[in-house]
Amino acid sequence: MNVERALEQLYRSRYARFESVLATMTRDREVARDVVQEAFAVALARRRQFRGEGSLEGWVWKIALRLAAGLRSGSAKPLSDRLDPAVPVPELDPALAAAIRALSPRRRLFVFLRYFADLSYDEIAGACGVSRGTVAAALAHARTELGLALESESAAGGAIR
Amino acid sequence: MSDRLKPLLAAELAAFEAAAGEPDWTDVRRKARKFAARRLALRAGTAAVAAVFAVLAATPALGLRGHLVHLFADSEPAPAHVVTEFAQLDVAAPAGMAPGVIAAQARDVLEVPLSTGEDAVLWVAPTRSGGFCLGLSTSGRGSGGGGGCDRDRLGRFSPGLVIPGPVGPEGTVLKPPIVIDGHTLVPQAVQVEIRYQDGDVADTPVVWVSDPINAGFFVYEVPRRHWDAGHRPSILVLEDGDGHELARSKSYLDQMFRAMSAAGVDSNTGAPAEAIPSQRRELIAITTEQGSREALWVAPRRGGGRCHWLTSDGLPGREQGCPPPSTEPHPDIAAGLLSGSAPILLEGEVGEGVATLELHYRDGDVQRLKAVEGFVLGEIPSRHWPRGRRLDELVALDAEGREISRRPFSTETPGTYPCADPIELDAGVKSCP
């Protein structure tokens with residue numbers, strides 16, 4: 001499949017996911033929508049630069065996250081230092097929301113990319129400009145923190161939906 | 001813990017996703033075209049870019065959405081050697097075919113980076129009749145390049161193929177780049193979509209050049225993976241800002257590639273690609289006034305017919321041809337001048353019954369060339385370069401010396417013969433009268 005068609009297919013199947021995850025980063029759905037449109041437009045215009053070394057979705061996420069962070073493509077500053085995703089919905093389970101808010105911004109970002117955007121460790125590493133080991137370690141810590149918080153809530157009688 | 005966490009988060013996000021808007025791929029494509037056009041414009045220089053965005057910003061209601069406009073008057077003038085090349089288009093043109101190019105007004109229109117590390121540079125100059133000529137270099141601004149003219153504004157959508165590098169005997173391109181360039185007169189044109197034989201698709205923006213050119217131009221390098229048969233460009237589609245088709249050039253590039261294959265030259269023997277070089281024979285060889293050895297070769301043509309070509313000191317020369325077999329009777333005199341710089345050669349074919357071709361000069365001299373298997377080759381001596389002494393007529397004779405036919409031979413076109421004192425013709429261009 002050529003890259004243009006693959007991009008269109010990715011866009012149509014994953015648009016809502018892109019917009020929703022990016023909305024947690026930009027705190028604004030309209031801005032998130034603009035970022036998604038811009039990210040796919042950049043990917044489409046630069047599709048000849050995609051060499052197939054990673055996943056196409058990971059490549060688009062990298063562009064989108066950089067746009068969301070307001071970074072130029074050549075910036076060496078890690079994305080994880082610029083993006084601070086917010087808990088998406090007020091209706092989120094209070095215990096879970098509180099646990100997520102308690103995470104460091106970097107761990108929160110990795111959690112969002114792993115569990116909301118459904119990216120692999122490698123894709124997160126590529127998108128954020130860090131090593132796979134950094135992602136793995138951060139997620140392991142995050143899971144521990146979230147698990148402890150949720151277990152504590154459960155033990156105190158709170159429900160986990 | 002992750003087993004519990006993932007469904008929890010996924011469930012929350014599912015609710016959040018429900019609030020997402022509708023995807024709009026058309027908008028993405030439009031933005032991508034603008035982005036690509038902006039990158040292209042950035043290559044064309046800061047002044048041009050400023051002009052472009054000034055126009056884009058000021059005229060959104062004039063159908064210029066996604067349209068890249070290049071203000072001709074504000075563009076950088078073409079370098080002197082390019083101006084000279086434009087002016088020379090008029091110099092040696094046959095009667096009635098001169099484009100009337102205003103070479104001094106040639107401007108840079110596009111610069112596109114190539115895989116070679118060089119830039120493709122497109123220059124455009126207006127013609128006196130309201131048309132334009134264009135020239136393309138694939139080696140940056142310091143080099144010249146080929147081009148053409150649309151003197152009478154007839155080319156609604158006119159793509160071309162540029163292969164500056166060597167071509168192997170089987171028509172294989174040996175060195176990048178392969179470039180598609182061209183122009184359109186359709187004002188709504190925003191991009192050219194390149195559709196490949198293997199289903200791949202690419203696009204390149206059209207840059208609209210303002211008055212007095214009023215035409216759109218494009219330059220696109222064909223990637224290496226699309227050089228071979230089965231993967232080559234098959235159709236070019238001219239599109240507006242919404243992706244609607246305005247015009248197409250179907251199978252044009254295939255024809256071009258076939259022509260390119262026919263034009264391929266074996267660098268070892270100088271033989272055309274269609275020739276069978278192992279069966280080549282040297283028919284005629286002469287030593288010129290300057291001491292070079294000019295030779296005419298023939299070889300069977302693959303699929304029938306015969307190829308012929310010239311070599312100069314063993315290197316590929318200035319002429320080659322591989323006409324397919326024909327039942328049409330061959331004209332008695334089908335020879336012409338290879339002119340412009342020394343040596344000036346008269347070369348070509350003659351009819352079956354022709355044994356000798358006489359070259360009658362205006363000063364009364366007569367030079368005789370012996371026909372060999374229907375070919376002649378000779379040098380026009382330098383004493384016959386000046387006006388009043390030039391070749392005036394060709395006469396074909398049979399083996400008994402009887403005249404078979406004669407043909408007047410006008411040689412007053414400027415630039416045909418070298419001279420000591422070129423005269424100025426146009427835009428500072430000098431040529432021999």
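# Strands, helices and a salt bridge

Mentor: Glu349(B) stands opposite Phe375(B) in E22(B). The model is predicted; local features need pLDDT of at least 70 and side-chain atom pairs 80 or more, while totals for chains, interfaces and linings use all residues. Residues are numbered from 1 along each chain as its sequence is written, chains are lettered from A and ligands numbered from 1 in the order written, and side-chain values use heavy atoms, without hydrogens or water.

Trainee: What makes E19 and E22 of chain B a pair?

Mentor: Five bridges join strand E19 (residues 345–350) to E22(B), and the two run antiparallel. Pairing takes at least two bridges found by DSSP, so five are enough. Strands (E, at least two residues) and helices (H or I, at least four) are DSSP runs, numbered from the N terminus.

Trainee: Why is E18 of chain B called an edge strand?

Mentor: The open sheet has the order E18-E19-E22, and both strand E18 (333–338) and strand E22 (375–379) pair on one side only. From one strand to the next, the twist averages 15°.

Trainee: What order do the strands take in the open sheet of four in chain B?

Mentor: The order is E2-E3-E4-E5, with antiparallel pairing. Strand E2 (107–113) and strand E5 (147–150) each have a single partner strand, so one side of each has no neighbour in the sheet. Neighbouring strands are turned by 20° against each other on average, direction ignored. Inside this order, six bridges join strand E3 (residues 119–126) to strand E4 (residues 132–137). Val124(B) has Leu134(B) in E4(B) as its bridge partner.

Trainee: Why are H1(A) and H5(A) called roughly antiparallel?

Mentor: The axes of helix H1 (residues 3–26) and helix H5 (residues 105–116) cross at roughly 165° and come within 11 Å. Axes are lines fitted to C-alpha atoms, for helices over the stretch in contact, and angles run from 0 to 180 degrees between N-to-C directions. Angles over 145 count as roughly antiparallel (under 35 roughly parallel, 65 to 115 roughly perpendicular, the rest oblique). The two helices are therefore roughly antiparallel.

Trainee: Which residues of H1(A) and H5(A) meet?

Mentor: Arg17(A), Val21(A), Thr24(A) and Met25(A) in H1(A) meet Leu109(A), Phe112(A), Leu113(A) and Phe116(A) in H5(A). Contact means heavy atoms within 4.5 Å. These residues divide into six nonpolar, one polar and one charged. Ala, Val, Leu, Ile, Met, Phe, Trp, Tyr, Cys and Pro count as nonpolar, Asp, Glu, Lys and Arg as charged, and the others, Gly among them, as polar.

Trainee: At what angle do H3 and H6 of chain A pack?

Mentor: Helix H3 (residues 56–69) and helix H6 (residues 121–128) pack at about 35°, with their axes 8 Å apart. Gly58(A), Trp61(A), Lys62(A) and Leu65(A) of H3(A) make the contact with Glu123(A), Gly126(A), Ala127(A) and Cys128(A) of H6(A). That contact divides into four nonpolar, two polar and two charged residues.

Trainee: How do you know that Arg368(B) and Glu358(B) form a salt bridge?

Mentor: Their side chains meet at 3.1 Å, N to O. The definition asks for a side-chain nitrogen of Lys or Arg within 4 Å of a carboxyl oxygen of Asp or Glu, so the pair qualifies. Arg368(B) lies in strand E21 (residues 366–370) and Glu358(B) in strand E20 (residues 356–361), ten residues apart. Over all chains, the search finds 25 salt bridges.

Trainee: Which peptide bond is cis, and where does its proline lie?

Mentor: The bond joins Asp211(B) and Pro212(B), with omega about 10°. Pro212(B) lies in the loop between strand E10 (207–209) and strand E11 (215–221).
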